[in-house]
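Dear colleague,

I am passing on the structure we spoke about, and would be glad if you could look through it alongside the notes below.

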Amino acid sequence: MEPVGIDQHRPSTTTARSRRVEPRRLPVLVAAAAAVALAVWVTFLADGTPAGPATENPGKFVVTALDAVTFAGLLFVAASGFTLIFGLMRTVNMAHGSLFLLAAYIAIRVQEAMVGRSRNIDPADVAVLDWLVPLLVGAGVAAALGLVIQQVFLQWNEGQELRQALMTLAITVVLADQMLREFGGLAQRMVWPGAVTHFLSVMGERYAVTRLFMLGVAVLVGVLLWLWLTRTSMGMVIRAGVDDRQMVRALGINIRLVFAITFFVGSFLAGVGGVLGASFAGAAPGTDGSWLLNALVVVIIGGLGSLKGAAAGSLLYGAVVAFSPAYLPSQYSYYAIIMTFALLALVLAVRPYGLFGRPA
Amino acid sequence: MTVRGQLTRRNLVLAAVVVVLLALPSLATAFFVNFVMTQTLILGLAAATIVFLAKYAGMTSLAQFLLFGVAGFMFGNAALEAGARGLNLGWDAWAAVGFAIVVTTVVAFVLGAIASRTTGIYFLMLTLVYAVIGYFVFAQIVEISGPGGITSIQRPELLGPPVRLYYAGLLLSVLAYLGFRSLGRTAFGLALQGVRDDPIRMASLGFNVALHRTLAFTLAGFVVGLGGLLNVWWNGQIDPASISIGPTLILLIIAVIGGISSFEGAWLGAFVYVLVFTYLRDLPLIDRIGITEARFNTVIGVIVLAIMVLSPEGLTGIIHRLRGRLERPAAAAADTSTGGPLPLRKTEKEFGGTRP
């Protein structure tokens with residue numbers, strides 16, 4: 001019914017883009033004006049907010065900025081696996097949040113077994129290995145389950161995006177229910193290793209070293225991921241696959257194997273995020289849904305399938321999450337969630353496919 | 001189309017179903033009518049808007065349950081008087097109905113306008129984000145949701161007896177069904193299906209693609225708002241947890257069980273869901289094999305997974321396939337004469353095509 005050809009793809013997108021340039025100017029201006037207004041508000045005007053204007057209370061500002069960056073690190077770890085899987089396979093893995101929570105629960109169990117106590121674990125009793133081994137076990141289980149899901153449910157219906165999304169949604173429902181049965185409904189916590197459980201003094205404010213440690217882990221994950229994707233032959237195949245799956249296949253590369261490995265790594269990243277998240281804020285029923293939301297917001301802002309986008313989206317979203325409760329007037333702090341929505345609307349108005357996204 | 005053209009087997013069966021449903025209050029127990037069937041009609045009405053968006057516009061929406069809840073909350077805020085939770089505007093019941101519908105439609109318009117440049121999987125994700133953010137808005141801003149929800153919401157006097165609520169649900173369901181089906185043949189409906197199939201071509205023909213999608217979403221929001229009003233009257237209360245991610249997924253699951261591209265499927269899926277939800281615990285031996293009420297979500301999840309593995313077209317798809325196997329030649333002839341909307345385009349797009 002329409003002329004079909006691989007080379008049809010590029011010209012049509014470029015014409016679409018140039019056609020849309022004119023009406024885009026207004027949203028860009030609005031976005032720029034909003035950014036400037038927010039900067040002025042935070043710097044000079046924010047009286048009556050929990051933090052106060054940055055010029056009067058620079059300590060609070062620095063702490064909020066650190067909060068933003070460290071939370072962005074966690075967001076990046078959680079979202080990078082999601083965006084990696086989507087970029088290569090066009091599969092929206094709605095079970096990402098479930099894998100996140102499963103890894104958290106398993107890591108908590110393993111840590112309890114290693115320390116030998118099930119409640120009130122003192123950070124001083126937790127050696128670095130008592131944190132690192134549960135991390136690897138939890139993330140490994142999540143990765144294995146992710147691989148099973150991909151092999152059983154997603155491998156044979158490749159390309160049917162909605163069907164895959166709905167299947168993983170159904171898996172989410174089942175997993176959430178089974179985790180509730182197995183691990184109960186109470187919030188549980190992973191304990192940071194004692195070596196990093198200190199406080200620093202930042203411009204007169206106390207700041208937890210654990211958050212900086214979390215950022216460090218996230219940066220390490222990001223660097224390893226970047227090295228894997230840009231410096232190894234497997235990463236080269238994955239990047240080629242993101243650009244053009246058909247061509248990679250035509251060159252005789254076993255893309256099935258590449259898909260399986262990518263799904264394994266993506267699920268592993270979800271698991272690492274889950275263990276970090278459980279150490280940072282605990283794990284409970286519902287954590288899976290809220291972290292699926294976080295991953296979705298990050299990739300919608302940053303653009304699906306782009307690692308750069310995941311980093312940029314994490315920073316923007318992390319900034320909104322950290323700054324809006326601190327710099328909204330006190331009686332309106334509850335409205336912080338609306339700022340997330342405003343960010344999303346603003347980004348989508350300027351770039352419908354996210355900051356670094358391309359039309360699929 | 002002539003009257004004779006409308007007398008297909010499908011329409012006759014549907015007319016018979018409506019007649020049975022009209023007579024149902026004198027045939028079945030009060031529990032079955034007021035609990036099972038009223039809930040089926042309300043959820044079916046809401047799920048039909050998902051089907052409408054998916055079938056005509058290619059947009060699978062997870063935000064419908066949020067709009068469903070917005071209508072309920074707005075009615076609760078406007079209709080209740082002082083002493084209750086929420087805004088307590090204390091308006092007349094029908095003024096509150098108008099207010100709730102207007103707010104829901106405006107919210108749908110704004111959300112639809114923001115999402116109007118995305119389709120398919122992006123739209124699904126964006127509406128999931130809407131749903132969760134909407135839940136947090138109602139959970140955190142207690143001025144409009146009351147701490148722990150708005151309770152003791154009264155129905156307008158006209159709908160006092162429960163059976164009238166059932167008839168209201170039936171009336172709205174029939175109207176929505178007929179309206180959505182005939183919309184497929186109007187200029188707007190045809191343009192919408194054109195936008196679904198090839199937005200670039202439609203744009204170059206002078207159609208405003210984003211506006212068509214926004215209006216479709218707004219219309220769906222209006223209809224689901226009506227369903228939300230029925231729901232809040234049926235429940236008598238509404239709280240933020242009732243629009244959290246779980247129920248949101250359930251509504252999509254209802255649409256999927258029935259078959260996401262069939263309007264009948266919306267009500268069929270709702271019926272199956274409510275039946276399972278209501279009667280599962282009564283089945284003999286069901287708790288022996290570890291399936292108790294508490295594991296209900298696992299059962300629903302497994303059912304959906306099985307349906308998606310077997311037939312992405314849901315129960316209606318399975319029925320069609322069975323019928324096709326029984327009477328292949330006759331079914332082929334019947335399909336061409338129904339005069340339904342344009343066939344859904346295949347979702348395969350491995351080789352690109354001209355879609356952005």
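Predicted model: local features only at pLDDT ≥ 70, side-chain atom pairs only at ≥ 80, totals over all residues.

I began with A:Leu102, which lies in helix H3 (residues 96-115) of chain A. This residue counts as buried because 29 other C-beta atoms lie within 10 Å, where 20 or more are required. Once neighbours within four places in sequence are set aside, A:Leu102 is in contact with A:Val141, A:Ala142, A:Leu145, A:Leu175 and A:Met179. The C-alpha atom of A:Ala144, 42 residues away along the chain, is separated from that of A:Leu102 by 11 Å.

A:Leu102 also belongs to the largest nonpolar core, which has 215 residues, and is listed with A:Ala103, A:Ala104, B:Ala47, B:Phe75 and B:Val129 as having the most contacts inside it. For B:Ala47, the contacts beyond four places in sequence include B:Leu251, B:Ile254, B:Ala255 and B:Gly258, and also B:Ala266, B:Gly269 and B:Ala270.

The second topic is helix H7 (residues 233-243) of chain A, whose buried residues are A:Val237, A:Ile238, A:Gly241 and A:Val242. Because they cover an arc of only 140° around the axis, they sit on the same side of H7(A). These buried residues pack against helix H2 (58-89), helix H6 (209-231), helix H8 (245-250) and helix H9 (255-281) of chain A, whereas the face turned away from the buried side carries the exposed residues A:Ser233, A:Met236 and A:Asp243.

With best regards

Methods: Residues numbered from 1 in each chain as written. Chains lettered and ligands numbered in written order. Helix = DSSP H or I, 4+ residues; strand = E, 2+ residues; numbered from the N terminus. Buried ≥ 20, exposed ≤ 12 C-beta atoms within 10 Å, placed from the backbone. Contact = placed C-beta atoms within 7 Å. Core = buried A, V, L, I, M, F, W, Y, C linked by C-beta atoms within 7 Å. Arc of directions from axis to C-beta.
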